[in-house]
Amino acid sequence: MIGATRAGVADVRRQPDNALIDAIREKFPVEREIDKILTRKMHRRAGLSFQLPSLHDLVTATTVLISARAGYPVTLERARWLSGGASKLQVAFDLRWRGPEGGSDAVVLTPMVMRMETAASVTESSRRREFEVLQLVDGIIPAPQTYWVDADAEFLPYPGLIYGFASGVAKPSGDSAKVTGLGQNYGPELRAKLVPQFVEMLATLHQIHSSQFAALPSFDVPEVGSNASIIKQVNNARRIWEEDRIEEEPVMELVYHWLVANAPPLDHVSVVHGDYRSGNFLFDETSGVITAWLDWEGAVLGDRHQDLTYVTMPIFRHIAEDGQTILMSGMGTADELFARYAAASRLGVCPERLRYFGIFNRYLVTVLLLAASARAAQVAGTHQDVLLNHVAGLGYIALDDLLDNFRKAVA
Amino acid sequence: MIQSFETQLQVSLRALGEIVAPALAGADKHVIEQLHLVMAALGFMQARLRSEVGFQQAELEAYLALAEEVAANFRKHRASDCAKLIEAVSAGRVVLASATSQVGDYQHSTRHLRQLVAALASDSSSEAEAADYQVIVLARSGAMIGDARLWCLPLGFELDPTALPRRDWLPVA
């Protein structure tokens, strides 16, 4: 039998040809820069698997990059791998240079991080966009200070950027009280300090004035009153599904059509972080002050409810010390967080939009787990294949949760 | 004597857990993390090695039932679209009934059905048709996704494993 049937399900995504790449691009239009990045991913897939560069080679390439950008020779000291993160490779180092002012006699030692893509990723994204949004939020939201970007891999083996080393920890060093759940537990004392900042920073981010969007040339700027940008975002997720999935899933097809048919027109254009949750910020463990928000690669100009519902995704939840209360991103109940947000922001919280973006984010998370993670591991595209392979196993929990919420939405 | 896959996995996991892991105690965090993930992957294989045939058969059976219901519903209006699906259902039934079928055969038959069933959703020509399709897919998907969750159980992500159903393809503990 088997020959004919197997030919019918050949994995055309493993070695995609131009016809397939073009057909997917045409069917699911996305933002300009996103289109560039996803198309590049598909062309790159046919190439060699990812070979982890040596630390020495990366230090050499980074030194050349910074020297070229600064206009004089610099040296890197104390270079070391930085652990954490499933999608990008990071090297921490101290840069001996003349400092931001660049006085010829100045000698400054600045701790920095080189963050570079691998051949494939769970979140294929643009270093150019990440660099732009980090520059935009500088002084508004705590975030690493950006220095240089190598968006087209002119110096580094893959596109990358250089930013300042941010102090703080992503999770408490001590063991917290007994809780269950996949999300990060901060414990009651730390939680009380973090929650107000967590919400207020999100409200601040979403209220950045549109006059500042000129600093984001790699982002398509949406129009208030139109749902075109939301449909582009749905298409972005769908395109990843189309490009990366190992096998089809009828539920995903149903949800995609619903998301397009029900996309709400924007009532306000916000800078959306796209991955705003526990684990993606650093804090000072003693004071409980948030020192930096990380992982801006999924940032878009869009609807604030996207971030609001992302915070509440099941994979970032845990049950509190009372054994009953479900804490979203380790912070509070959904109602508490939305009420705090409404109080901190002049922008409202709309239940209908929460419902829509609840489905949108569940769809996106399922795509990233069942398609992007699984494919990146399969093509040996990263330095974390074994991790991506592992988290792909979360995909069916995410899909079941999507199914459950979708059923309620269409009931 | 050729050792079984089960023994190969058992000795590998024991060496990694009892010899290699303690020796790496001072290594970089990401090195230790990757070691534990390798052990998790091998442990998953060890836990599911004897269940794979049963799981793949059950998944194919579930997709055959879904495809048959979809085909029966759309046959009148979408004869040409359903022809491929009906053909794939027949081929899938042969695979399922054959004593010589292997895991890859079940898997590829299921993938073919997944592909054809999903394609019908994207091509639905009327709202009523799309609604009918949705009812069928939503009614049958819960159990199939539940089985996939059960398959992935040894990865350790489930908060309440006892809430997942028991299935015949799982060996008796």
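The legends below describe close-up views of a predicted model.

In this predicted model, local features need pLDDT of at least 70 and side-chain atom pairs count only at pLDDT 80 or more, whereas totals for chains, interfaces and linings use all residues. Residues are numbered from 1 along each chain as its sequence is written, chains are lettered from A and ligands numbered from 1 in the order in which they are written, and side-chain values use heavy atoms, with hydrogens and water left out.

**View 1**
Contact, meaning heavy atoms within 4.5 Å, involves 27 residues of domain 1 of chain A and 32 residues of domain 2 of chain A. Between them the two domains of chain A bury about 2,500 Å², 66% of it on carbon and sulfur atoms; buried area is the accessible area (1.4 Å probe) that two parts lose on being put together, summed over both. The rule for a salt bridge, a side-chain nitrogen of Lys or Arg within 4 Å of a carboxyl oxygen of Asp or Glu, finds 4 of them across this interface of domain 1 and domain 2 of chain A. K88(A) forms a salt bridge with E297(A), and the closest N and O atoms of this pair are 2.8 Å apart. On the side of domain 1 of chain A that touches domain 2 of chain A, helix 5 (residues 127-137) of chain A gives the most, with 9 residues; helices (H or I, at least four residues) and strands (E, at least two) are DSSP runs, numbered from the N terminus.

E117(A) is placed in the loop between strand 3 and helix 5 of chain A. Is E117(A) buried or exposed? E117(A) counts as buried because its relative accessible area is 3%, where buried means under 20% relative accessible area, exposed over 50%, and partly exposed in between (1.4 Å probe, protein chains only). The side chain of E117(A) makes a polar contact with the side chain of R40(A) at 2.6 Å; a polar contact is a pair of N or O atoms within 3.5 Å, and within protein one must be able to donate a hydrogen and the other to accept it, while residues adjacent in sequence count only if both atoms are side-chain atoms. When residues up to four places away in sequence are not counted, the residues that E117(A) touches include R44(A), K88(A), R127(A) and Y158(A).

**View 1. Strand 5 of chain A and its two pairing partners.**
Strand 5 (residues 160-164) of chain A is mostly covered, with 5 of its 5 residues buried. Strand 3 (residues 108-116) of chain A pairs with strand 5 of chain A in the antiparallel sense over 5 bridges, two strands being paired if DSSP finds at least two bridges between them. Strand 4 (residues 146-150) of chain A also runs antiparallel to strand 5 of chain A, joined to it by 4 bridges. G160(A) in strand 5 of chain A is the bridge partner of M116(A), and G160(A) is likewise the bridge partner of D150(A).

**View 2. A hairpin and two residues with positive phi.**
Strand 8 (residues 281-283) and strand 9 (residues 290-293) of chain A run antiparallel and are joined by 3 bridges, with F281(A) standing opposite W293(A) in strand 9 of chain A. The hairpin of strand 8 and strand 9 of chain A has 6 residues between the strands, and there G288(A) takes a positive phi near 75°. R78(A), although it is not a glycine, has a positive phi of about 55°; R78(A) lies in strand 1 (residues 75-81) of chain A and counts as exposed because its relative accessibility is 54%. A380(A), also not a glycine, has a positive phi of about 55°; A380(A) is placed in the loop between helix 11 (351-378) and helix 12 (385-391) of chain A and, at 26% relative accessibility, counts as partly exposed.

**View 3. The interface of chain A and chain B.**
Chain A and chain B bury about 3,600 Å² between them, 68% of it on carbon and sulfur atoms. Across the interface of chain A and chain B there are 4 salt bridges by the rule, and R111(B) forms a salt bridge with E247(A), the closest N and O atoms being 2.8 Å apart. The largest share of the side of chain A that touches chain B, 8 residues, comes from helix 13 of chain A.
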